[in-house]
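Please open the model in a viewer and keep the selection panel at hand. The stops below are arranged so that each selection can be made in turn.

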Amino acid sequence: MSRKASRALIVVAHGSGTAAWHSAFADLVADLEADVQVRSWSAVRPAFLGGRAPNIESVSAQLVADGFREIVVFPAFIAPGVHVTTDIPAMVDALRMRHPSVRYTVLPTVTELPSVRRAIGAAIKARVDDP
């Protein structure tokens with residue numbers, strides 16, 4: 001398995017009870033999986049917090065069983081709150097203990113990525129300038 005083929009991305013969100021939220025999140029995951037221009041992973045999976053399924057642990061276990069040895073966790077949160085600063089790191093630390101041969105990386109949140117902040121600004125400007 002090549003490095004790219006051995007890397008998976010888990011997109012973690014809190015989840016919601018609304019269909020519109022789930023549709024938007026599913027679209028994000030699908031876009032990340034389909035965008036071969038920027039994709040440096042061969043699998044993208046959603047995971048949820050707060051007792052919703054699938055959770056980080058079950059998604060990671062399946063990816064490890066499928067042979068992935070590098071798992072990147074993207075907290076799809078606007079900014080770092082308790083879930084991002086405490087809950088997700090604790091879950092990933094437990095996964096590192098459970099799967100010591102797997103490399104886990106936790107990415108920053110949406111607004112901690114400068115290119116995303118710039119893209120949001122450009123999208124707002126485009127929407128306001130050309131509704």
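Helices (H or I, at least four residues) and strands (E, at least two) are DSSP runs, numbered from the N terminus. With a relative accessible area of 14%, His99 is buried. Here buried stands for under 20% relative accessible area, exposed for over 50%, and partly exposed for the range in between (1.4 Å probe, protein chains only).

Two remarks on the source apply throughout. The model is predicted, so local features need pLDDT of at least 70 and side-chain atom pairs count only at pLDDT 80 or more, while totals for chains, interfaces and linings use all residues. Residues are numbered from 1 along each chain as its sequence is written, and side-chain values use heavy atoms, with hydrogens and water left out.

**The whole chain**

Next, show the protein as a cartoon. It contains 4 helices and 4 strands, and from the N terminus on these elements run β-α-β-α-β-α-β-α. The radius of gyration is 16 Å, close to the 14 Å that the globule rule gives for 131 residues, so the protein is as compact as a globular protein of that length. That radius is taken over C-alpha atoms, and the rule is 2.2 Å times the number of residues to the power 0.38. Along the principal axes, the C-alpha atoms fill a box of roughly 50 × 35 × 25 Å. Of contacts between residues at least 6 apart in sequence, 71% join residues at least 24 apart. Buried residues account for 30% of the 131 residues.

**The nonpolar cores**

In soluble globular proteins, nonpolar side chains tend to be buried together. Select Ile10, Val12, Ile56, Leu63, Ile71, Ile88 and Tyr104, which have the most contacts inside the largest nonpolar core, a set of 20 residues. Such a core is a set of buried Ala, Val, Leu, Ile, Met, Phe, Trp, Tyr and Cys residues joined through side-chain atoms within 4.5 Å. Two or more residues of this core come from each of strand 1 (7-13), strand 2 (43-48), helix 2 (56-65), strand 3 (70-75) and helix 3. Apart from this core lies another, of 11 residues, among them Val11, Phe25, Trp41 and Phe48.

Now centre the view on Ile88. Leaving aside neighbours within four places in sequence, its contacts are Val12, Leu49, Ile56, Val73, Pro75, Phe77, His83 and Val106.

**The salt bridges**

Side chains of opposite charge can pair when their charged atoms come close. A salt bridge is counted where a side-chain nitrogen of Lys or Arg lies within 4 Å of a carboxyl oxygen of Asp or Glu; the total is 5.

- Select Glu70 and Arg7, whose closest N and O atoms are 3.3 Å apart. The pair links distant parts of the chain, with Glu70 in strand 3 and Arg7 in strand 1, 63 residues apart. Both residues are buried.
- Select Arg45 and Glu33, where the corresponding distance is 3.8 Å. Arg45 lies in strand 2 and Glu33 in helix 1 (residues 19-34), so the pair ties together parts that are 12 residues apart in sequence. Arg45 is partly exposed at 31% relative accessible area, and Glu33 is partly exposed at 33%.
- Select Asp93 and Arg96, with their closest N and O atoms 2.9 Å apart. Being 3 residues apart in helix 3, they are separated by about one helical turn.

Finally, select Arg7, Glu70 and Arg103, which salt bridges with shared partners join into one network.

**The loop between strand 2 and helix 2**

Where does Pro54 lie? Pro54 belongs to the loop between strand 2 and helix 2, and a cis peptide bond, with omega about 0°, joins Ala53 and Pro54. Asn55 has its place in the loop between strand 2 and helix 2 as well and is partly exposed, with a relative accessible area of 30%. Leaving aside neighbours within four places in sequence, Asn55 is in contact with Ala47 and Phe48. A C-alpha to C-alpha distance drawn from Asn55 to Val12 gives 8.3 Å, across 43 residues in sequence.

Methods:
Contact means heavy atoms within 4.5 Å.
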